[in-house]
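These are my notes from going through the model. I kept each entry to what I looked up.

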Amino acid sequence: MIEIDQELCTGCRRCNEVCPVDAIEGLQGAPQQINHDKCVNCGQCVQICSVYASAFDEDISPREEKIQERGLLTTVKEPLFAAYYQGQARGAQQMLSDSNVYTMVQCAPAVRMAIGEEFGMLLGSLTPGKLAAALRKLGFDRIYDTNFAADLAIMEEGSELIERVTTNGVLPMFTSCCPAWVKFVEQQYPELIPHLSSCKSPQQMAGAMFKTYGAKVDGVAATKVCSVAVMPCTCKQFEAKRSEMADSGQRDVDLVLTTRELAYLIKAAGIDFTTLREEGFDKPMGTYTGAGNIFGATGGVMEAAVRTGYELITKEAIPDVNLECIRGGEGVRRTSVTVGDLELKLVVVAGLKHVIPLLEAVKAGKADFHFMEVMTCPLGCISGGGQPKILWPGQREHAVTSRKESIYEHDRNLKVRKSHENPEIKKIYKNFLGEPLGHESHHLLHTTYQARR
Amino acid sequence: MSIKLNSFVVADPHKCIGCKVCEVVCAVEHLDRECKTVGTIDAPLLPKLFLVKTPKVTMPIQCRHCEDAPCANVCPVAAISEVDNKILVDEKICVGCKTCMMACPFGAMDLVPRYQDGQVIMQEVLTTETEDGVVQKEAMVANKCDLCVGRVEGPACIQACPAQALELIAPHKEKRKRNVAAALNLMDSVKKFMS
């Protein structure tokens, strides 16, 4: 799904510098190829590539052909670069014009602090209300949120961690919400698959819930529901297409759009994003907490899990909901949190290449921690491969730190900041799922993995 | 009157990796508005320096700001002039005759359409026949390096190059630097000869 245009690539190999898995092959100065067995679809190459198709180069195939080849909307005017992601915006446009389908959309946390950039707003502008309004204007029938599913993931993953710790289960446990990281484990460290949480990612949990609970709430047939995910990520499409991801009886997620692709759709529909009046996400699955929202930054899953895990185990309120000790930057952050009698040792990894020494330690039986969060992209999803591509190399860092500030600002300003206090989460367990790790949860919200070697 | 030679930007072909970052930021800095992400660009990128990539050499080429600028000398409408030690094109005067393109020994001059708010700017009178019938013809103007005139940080290409391959050459300073280097070399060889 990530490709390099052989006509355009000059072989500068800057993509190779950011590729965490050495999947880009070729000689300096010659067009590069992607080794798809190694590639984890993180899209960091797409973000860094600066070799564009010149409008005046007569030796390359015409722009219209490239637009076709890349699955871009014909209305896209932006320059085309050598490293690209093959998206699904066309499918989404078609689906939105089909009156026979009932569309449900979800947006990952990191989309709302970046999409405004594509309309000339300041880097890192926080625009959840405009995002919801734009999706409604595009014609989606239900505007739901991955943040809700992130809260759900915390209920399941937190319970799974507690279960593993208390029953001598496989430890350390690894997070499983980053599909690039999961693919990496499957292909490079298949023997460590039992360490991965069995929880699906929030995207896939949301998808499974849309076509079951969501269809039931709205009284529509699951077969009529088309579920769309808007993600900062170029690997989420791969995840949605995994054979395991059809527990609702259908494809749980039918189409995945990146933040950039959603901006294309909004522009194509003639919507002026910057002047949109703020609207809310729909109930029940658009209700979210600060904990669900911080999934978009490195350390966010861990922090959200601790906020809930602490209270579930001790039955007491956590002394400070802001767990600054977990909020790291690129690289490895080690910390520990005392929960009742247990000192929970935590590791947060941002940037996939930093995880290898830790995995080697786990393999050698020398891991001294309980729980590890891994995000493939440098600062988590806010720096994902599907996020707006920054033109000036020097501004990339500013963009990502601004998005990070926005993510925590949003968390601070939300009334409910712990996943287990989300009223709609309580309701969904009461009315539909039963209890975390229960029979229905196990069927819809958990998954299995496959060794790829 | 002090004699000051025009500065110019030149690339080191041994450092250049051919990434075109210089072209991208050059085009972005010369847009009619501030753009920070690729998605905000709605017109072709029109850089004022041009990456050359052949089996033998990879480097961008841009205007040398010649002292006796052939482009300015041949311009029939005097659209090119020297202002504050820079050879600059006045797009409003340029008629797109391409004589400057022919005259420039470096190929540093290009002729491009102009865009405003994503729309190409059309000429007022001249039309052209196309498949869609007779339409107005776009205005084409001479386009070349202006050393990012007015930009506080200096030329964008130099600032952005990830390989530090670009340099602003101040000719007299460069000459003095080389004079000093030559003198030091000479001193060394004289020493060797003496010992």
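I checked burial in chain A: 56% of its 453 residues count as buried. The cut-offs are 20 or more other C-beta atoms within 10 Å for buried, 12 or fewer for exposed, and partly exposed in between, with C-beta atoms placed from the backbone. The model is predicted, so local features need pLDDT of at least 70 and side-chain atom pairs count only at pLDDT 80 or more, while totals for chains, interfaces and linings use all residues. Residues are numbered from 1 along each chain as its sequence is written, chains are lettered from A and ligands numbered from 1 in the order in which they are written.

I looked up the overall form next. Chain A has 16 helices and 12 strands (DSSP runs numbered from the N terminus; helices are H or I with at least four residues, strands E with at least two). Its radius of gyration is 21 Å against 22 Å from the globule rule for 453 residues, so chain A is as compact as a globular protein of that length. That radius is taken over C-alpha atoms, and the rule is 2.2 Å times the number of residues to the power 0.38.

I then turned to the core. The largest nonpolar core has 185 residues, and Cys45(A) and Cys157(B) have the most contacts inside it. Such a core is a set of buried Ala, Val, Leu, Ile, Met, Phe, Trp, Tyr and Cys residues joined through C-beta atoms within 7 Å. H6(A) gives the most to this core, with 9 residues. Leaving out residues up to four places away in sequence, I found Cys157(B) touching Val9(B), Cys22(B), Val25(B), Cys26(B), Leu49(B) and Leu166(B); contact requires C-beta atoms, placed from the backbone, within 7 Å.

The bond from Leu171(A) to Pro172(A) is cis, with omega near -5 degrees, and Pro172(A) sits in the loop between H6 and strand E7 (173-174) of chain A. The bond from Lys283(A) to Pro284(A) is also cis, with omega near 0 degrees; the loop holding Pro284(A) runs between helix H10 (259-268) and helix H11 (290-293) of chain A.

Is Asp22(A) buried or exposed? Asp22(A) has phi near 50 degrees and is exposed, with 11 C-beta neighbours inside 10 Å. His65(B) also has phi near 50 degrees, but is buried, with 23 other C-beta atoms within 10 Å. I note that most residues other than glycine have a negative phi, and most peptide bonds are trans.

Key:
Two residues are in contact if their C-beta atoms, placed from the backbone, lie within 7 Å.
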